[in-house]
Amino acid sequence: MTERTSVLVVGAGLAGLASAMFLAGRGVDVLLVERRSGTSMFPRAVGQNQRTMELLGFGGIAEAVPTHAPGRPVFRVRIATSLRGPTVHEERAESDPADLDALSPAPLGTAGQDALEPLLRRRAEELGAAVRFDTELVSFDQDDDGVTAVLRGRSDERPSRVRADYLVAADGNRSGVRGALGVDRHGPGSLGHNTSIIFDADLGDLTDREPTLHVLHDDGASGIFLTLDHTAGRHLYSVAHDPADGSSPADFSHERCTELIRRLTELPDLRPEIKAVQPWEMAALVADRFRVGRVLLAGDAAKVTPPSGGLGGNTAIGDAYDLSWKLAAVLDASAGAALLDSYDAERRPMAERVVAAALTLLAGRGAAPADEDTEQESTTDQQGTLPVTLGFRYRSSAVLIEDDDPADAEDPYRPSGRPGFRAPHVWLHHAGGTTSTVHLFGRDFVLLTGAEGGFWSGVAAEAAARLGTTVRTHVIGEQLSDPAGQFPARYGIGPSGASLVRPDGVVAWRTVGAPGDPARALHRALTAVLAR
């Protein structure tokens with residue numbers, strides 16, 4: 001007997017769990033399978049940028065994510081030879097609450113992957129997603145109508161079959177799905193081999209309450225150190241090793257880990273409690289294709305990037321949101337199947353930018369070889385990642401960009417509201433309170449108009465009805481007021497103009513003023529964006 005689902009998600013990392021959550025939130029029947037027995041206990045990707053927190057807000061879990069306390073440094077990066085040794089270089093990612101407030105209504109998140117994955121899983125299951133651990137994808141085949149997968153649970157006597165309309169491959173850096181599809185990758189490749197050790201120990205004054213990443217350069221014990229939980233005395237030490245020297249993950253016995261931790265801390269009698277040991281490879285690679293027929297790659301299956309800047313996990317959640325709203329629209333027939341081509345067109349260039357930004361930050365810490373394409377100027381993570389977190393631009397069939405508009409990025413402090421860019425954050429007043437334009441997005445298409453654009457409501461309703469979709473219209477100047485007068489400039493429209501914003505909060509189309517035939521103009525825009 002073959003089980004039936006709309007979307008099969010393979011892999012329960014950030015990309016897979018977020019995909020299941022976002023899809024289930026849109027009423028899509030989704031099954032997620034993971035060969036491991038549970039979510040990760042390793043923090044791996046730590047921290048959520050403002051764009052990611054906006055997306056998690058759309059998913060209904062942002063309030064459950066721990067956030068950065070205003071007035072405190074977001075993160076400190078310290079480069080040294082050991083925990084006790086002198087500091088060679090230090091960076092502090094300072095956050096001015098006023099600066100953050102100007103960019104987004106969302107705060108910065110501080111959760112590690114070990115804390116965020118359970119939140120995503122819980123929310124996905126609340127929304128109706130089926131999540132199965134200890135279940136492995138054995139094989140899959142696709143045809144014009146769907147994907148047939150063979151699964152095997154750890155306790156199953158025989159494999160089972162699942163038929164899905166689409167498959168989301170979120171099965172990590174060594175993706176078996178990507179390999180089966182024959183999709184190659186390009187980029188610098190491997191940047192080093194590491195083994196992460198989670199251990200409990202009272203390190204006294206060696207650790208600081210201020211969040212700090214120690215980048216340690218010590219022959220034979222180079223790596224990074226991070227305190228995960230001050231109260232519990234839990235720490236992570238990720239040490240580099242070179243297979244060319246004959247070393248392997250098998251060398252990291254508990255005795256060897258204890259020896260390394262004693263060297264790191266310069267505490268020869270320390271008795272750390274080793275909780276977990278996991279090898280990992282630092283690499284920079286992007287898949288040549290993000291979509292092959294009815295299979296879409298997400299997260300580390302699509303690209304793998306160095307941990308500098310915390311971009312890997314954030315980008316994984318961005319992948320998940322982009323593919324989820326598009327899959328949902330295709331599945332409910334409000335969009336044509338060609339809309340899925342825009343996933344590759346948008347997210348693959350984003351992956352290229354993310355890898356480049358991470359390599360720049362990594363080189364600035366002396367942890368990656370410099371090349372002629374990598375800038376060596378010191379920059380904080382926040383400064384270095386803003387262009388790819390809030391200043392990015394999509395170019396695809398799902399955005400209508402003028403031919404003479406070549407910009408692919410912009411300063412998010414000076415947003416333009418042009419199609420392809422993230423719809424700008426503007427504080428508005430409503431019913432005696434304050435809200436943001438960002439709070440209007442995340443579900444359906446939204447049409448924002450100037451104060452004289454009341455006529456757009458009827459136009460939008462008619463166009464949406466013809467196409468079987470939903471467009472919610474908001475006139476800025478009626479129920480929603482713009483006391484600071486920022487909306488027209490930030491969105492680049494006049495009193496009778498309009499801005500069409502996609503469910504992911506990206507501007508799809510705009511008109512500065514009222515066109516001669518508003519109904520025809522909006523219908524044409526929606527038809528193009530939805531590949532109808």
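Author: Two strands count as paired if DSSP finds at least two bridges between them. Helices (H or I, at least four residues) and strands (E, at least two) are DSSP runs, numbered from the N terminus. Strand β21 (residues 498-501) runs antiparallel to β22, and four bridges join them. Within this pair, Ser499 stands opposite Arg510 in β22. The model is predicted: local features need pLDDT of at least 70 and side-chain atom pairs pLDDT 80 or more, while totals for chains, interfaces and linings use all residues. Residues are numbered from 1 along each chain as its sequence is written, and side-chain values use heavy atoms, without hydrogens and water.

Reader: In what order do the strands of the open sheet with β21 and β22 lie?

Author: Strands of a sheet pair through backbone hydrogen bonds, either parallel or antiparallel. Here the order is β20-β19-β21-β22, four strands with mixed pairing. β20 (471-475) and β22 (507-511) are the edge strands, each pairing on one side only. On average, neighbouring strands of this sheet are turned by 15° against each other, direction ignored.

Reader: Which helix lies across β19, β20, β21 and β22?

Author: Contact means heavy atoms within 4.5 Å; axes are lines fitted to C-alpha atoms, for helices over the stretch in contact, and angles run from 0 to 180 degrees between N-to-C directions. Helix α10 (residues 456-467) lies across these strands, running at about 175° to β20.

Reader: How many residues lie between β6 and β7 in their hairpin?

Author: Four residues separate the two strands of this hairpin. β6 (residues 135-142) and β7 (residues 147-153) pair in the antiparallel sense over seven bridges. One of the bridges has Gln142 with Val147 of β7 as its partner.

Reader: At what angle do α1 and α7 pack?

Author: Helix α1 (residues 14-25) packs on α7 at about 30°, with the axes 8 Å apart. Among the residues of α1 in this contact are Ala18 and Phe22, and those of α7 include Ala316 and Leu323. Ala, Val, Leu, Ile, Met, Phe, Trp, Tyr, Cys and Pro count as nonpolar, Asp, Glu, Lys and Arg as charged, and the others, Gly among them, as polar. The residues of the contact of α1 with α7 comprise eleven nonpolar, three polar and no charged.

Reader: Which helix supplies the largest share of the lining of the largest cavity?

Author: On a 1 Å grid over the protein atoms alone, a cavity is a set of points where a 1.4 Å probe fits but cannot get out, and lining residues have an atom within 4 Å of a point. The largest share, six residues, comes from α7. The lining has 18 residues, with Arg51, Asn314, Thr315, Gly318 and Arg347 nearest the centre of the cavity.

Terms used
On a 1 Å grid over the protein atoms alone, a cavity is a set of points where a 1.4 Å probe fits but cannot get out, and a pocket is an open set with protein on both sides within 12 Å along at least five of seven lines; lining residues have an atom within 4 Å of a point.
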